[in-house]
Amino acid sequence: MIEINDLCVQFGGVKPIDGLTVTLNRPIVGLIGPNGAGKTTLLNVLSGFVEPRRGWVKVNGEMITGVPAHERATFGLRRTFQTDQIADDLTLLENVQAIADHAKFDSRDAEKKAVYGAIDFVGLSHRLNRKGDALSTEERHLAEIAKALIGNPKLVMLDEPGAGMTESESEHLQKVIKGIPGYCKAQVFLIDHDVELIAACCHETMVLDFGKLLALGPTLEVLKNPDVQKAYLGNFDDLEVAA
Amino acid sequence: MARNKDKPDIPPGTPFQRVRPMLITFFVVALIGPWVFSSYWLNTFSTVACLVLASGTVALLYGQLGMVSLAQFALAGVGGWFCLRLVHGTGMPFELALVLGALIAGLFGLILGLPALRMRGLYLALLTLMIAAAVQVVINVVGFPDGGPGWTGKVVNGQRMMIARPLIAPSDTDYFRYTMFWLALGMGLIEWARATLPGRAWGLIRKSEAAAIAAGVSVVKYKALAFAMAGALAGLAGGLLAGLNGQLDNTGFPVAQSILLYALTIVGGAYHWMGAVFAGLLIRALPALLNDHGVDGNLSNAFYGFALLISLIQGRKGLAGQLADFYKFVRVSRIVEGSIIWGAISIGLALAAVHYQAMGFAGALFLSLIALLFRQAIPGVCWLLLGFFGKRVQDTAEDVEAWFSLRLANLMSALGLMPDHRILKRALNVLFIGYFVGWVVNGVFDVDYTVALTIIWSSIAIRFLIQLLMHPAILPLRQKIDAKYPKPFAAYR
């Protein structure tokens, strides 16, 4: 469960997030919004790269505002990035192992099980020893997700995991994302521009526009909300149509 | 590179498997070196070993974290200073002073690394350059300890003292092996770190610091670890240099040398242990060779500038990276076959050389082995040089070569011979490698030029004849072996 209270972020004169108060408690939560809505900034606040000017964030009842970024990973906040961060000259296994190296495990066996389990879960067990630079775009995105599943995460944040994927690849991604809460009991926070992916995966969707909450509720209701459609597509009333 | 999707990827191997080739190489060199080199060249190669270790630390920082440190040779000076001071001041065993000197240099490296946690690229390079300059100034003023009183340990008027060689390595031969031991230990440590947890953490950090932090990696800790390791091992190299001659020269650790070390590490290749070996050889062995031939060794600096330019154009992997890429295609059958044939030819020629009293057995053995090992080298060098003029020139040259080779191979099969698609490259190589290797051994072994040339050319000619005549018989055997064992270095890095 993510609780956000009166969150305010300011970069100079720009306010990417302006007084956001919201509680998200469904297993898979989507976040959409037009460019510049503050989606990635919110993710950066959650993962500790951006310090809010005002307000606080709690995850599963624990206050995380003020906790250093690298400690949040140990606490159980895992995220992926828009541009995937797979090291080119390490193999897939080493890439995932590198994350497990810095997570807490009861035993060596548990660590090994977690690493192989995560790779198997995203469906990449046949690419274990392939180097990062030889993985396809889809495989790199999936590997990023595998990395985020290490170390019993409480919250997995995915920043546009579906970017640049074909339709069939996106279908596989949907299955993977839907399976995350069952696999490691983590809440999933999904940002994407692919509305189809959001609609297929998310129990609940939140829409941001210019740093303010525009809508929150069950995904289909939110997507049909006229305010949301207007924010995404603009107002057609004053449009001068050529034809 | 196009890859077969169905082919399984080859695992990189356990850490020990990944360090093993390097350790074996160093062991063989330490074993054979003293048999074939004169005392002068042994001391040169002891120095080379120290420089290889220093270059390895540059490669560690640059290759693993992308951090440019121009102070590594200065840190070697620091390690050497404390090693000398400790031995003169307390009379402690050399080994202990060596390790303590290395630890102190490691501490210096760590302090140097602190600003590096926030700096990168040009600014870090400038900062480390300043530190290298500061070390040079301090050494110029204070001087290296030579048994005098006070904290500087400097003799004012009187006889300078030298420290004794370690008890277990009094002679040049022993000291060469002693240095090789420490080199294997130091480089082994670096390679081991690369293959295990620190290496993976460095991999995450060099991809993106933000991603590393998000994964719970302490960027500060692992950057500091790299700097401390690099400092300590550079200090170790400095201590070993001090032990080689019993003293150090006040002018021996200039800023220029630190920059040269960095530049040649890039030429050699910062992503593979062999790169450090190339760098060490280029810094010390090549100038020594030139001097031996009556050419001013400083001339090599001009060549280094050219080499750096080429390696920047050719990509960032350096000589070692290109060699490693080449190894990936080597098959087990060729290794077995090559070892048997090369060994037989080399021993035969060496025996002949002894019989005709042309030169010693070990020297001749070494010579023919080198000639055979390098029989593909010249086309590679030509290819590299052509790369200087751009990819298109390189490609055109390859096309022209392929056009001629194809026709020659067709002609060979028409004549009932086993076709050889690389015959043109081989011919080019045979022609020039003789002159080049002959020139090198003429300097290193004081071997008569004609004798050297005869041995080199005949070993290549015999190898070629064997290949021509026995190829049809060997071919099925080769295929059988290759089907059973995969390419051993395919995952090598």
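In this predicted model, strands β3 (residues 28–32) and β8 (residues 187–191) of chain A run parallel and are joined by four bridges. One bridge pair is A:Gly30 with A:Leu190 of β8(A). Chain A also holds an antiparallel sheet of four strands and makes a contact with chain B that takes 24 residues from chain A.

**Chain A overall**

- Nine helices and ten strands make up the secondary structure of chain A.
- The radius of gyration of chain A is 18 Å, close to the 18 Å given by the globule rule for 243 residues, so chain A is as compact as a globular protein of that length.
- Along the principal axes, the C-alpha atoms of chain A fill a box of roughly 60 × 45 × 30 Å.
- Buried residues account for 45% of the 243 in chain A.
- Among contacts in chain A with a separation of 6 or more, 66% are between residues 24 or more positions apart.

**The six-stranded sheet of chain A**

- This sheet is open, its pairing is mixed, and its strand order is β6-β7-β8-β3-β9-β10.
- β6 (77–79) and β10 (212–218) of chain A each have a single partner strand, so one side of each has no neighbour in the sheet.
- From one strand to the next, the twist averages 20°.
- Helix α9 (residues 226–233) of chain A packs on this sheet and touches β9 (204–209) and β10 of chain A.
- The direction of α9(A) makes about 130° with that of β10(A).

**The four-stranded sheet of chain A**

- The strand order here is β2-β1-β4-β5, in an open sheet with antiparallel pairing.
- β2 (14–24) and β5 (62–63) of chain A are the edge strands, and each pairs on one side only.
- Strands of a sheet pair through backbone hydrogen bonds.
- β1 (residues 2–11) and β4 (residues 54–59) of chain A run antiparallel, with five bridges between them.
- A:Phe11 has A:Val14 of β2(A) as its bridge partner.
- Two residues lie between the strands in the hairpin of β1(A) and β2(A), where A:Gly12 takes a positive phi near 60°.

**Contact between chains A and B**

- Chain A gives 24 residues to the contact, and chain B gives 20 residues.
- On the chain A side, the elements giving two or more residues are α2 (69–75) and α3 (92–100).
- The residues on that side of chain A divide into ten nonpolar, eight polar and six charged.

**Helix α10 of chain B**

- Helix α10 of chain B covers residues 255–268, which makes 14 residues.
- The helix reaches 20 Å from its first C-alpha to its last, close to the 20 Å expected at 1.5 Å a residue.
- α10(B) is mostly covered, with twelve of its 14 residues buried.
- Among the buried residues are B:Val255, B:Leu260, B:Leu261, B:Leu264, B:Ile266 and B:Val267.
- The buried set also includes B:Gln257, B:Ser258, B:Tyr262 and B:Thr265.
- B:Ala263 and B:Gly268 are buried as well.
- Just after α10(B), B:Gly269 has a positive phi of about 120°.

Notes: Residues are numbered from 1 along each chain as its sequence is written. Chains are lettered from A and ligands numbered from 1 in the order in which they are written. This is a predicted model: local features need pLDDT of at least 70, side-chain atom pairs count only at pLDDT 80 or more; totals for chains, interfaces and linings use all residues. Two residues are in contact if their C-beta atoms, placed from the backbone, lie within 7 Å. Ala, Val, Leu, Ile, Met, Phe, Trp, Tyr, Cys and Pro count as nonpolar, Asp, Glu, Lys and Arg as charged, and the others, Gly among them, as polar. The expected span of a helix is 1.5 Å times one less than its number of residues. A residue is buried if 20 or more other C-beta atoms lie within 10 Å of its own, exposed if 12 or fewer, and partly exposed in between; C-beta atoms are placed from the backbone. Two strands pair if DSSP finds at least two bridges between them. Axes are lines fitted to C-alpha atoms, for helices over the stretch in contact, and angles run from 0 to 180 degrees between N-to-C directions. The radius of gyration is taken over C-alpha atoms; the globule rule is 2.2 Å times the number of residues to the power 0.38.
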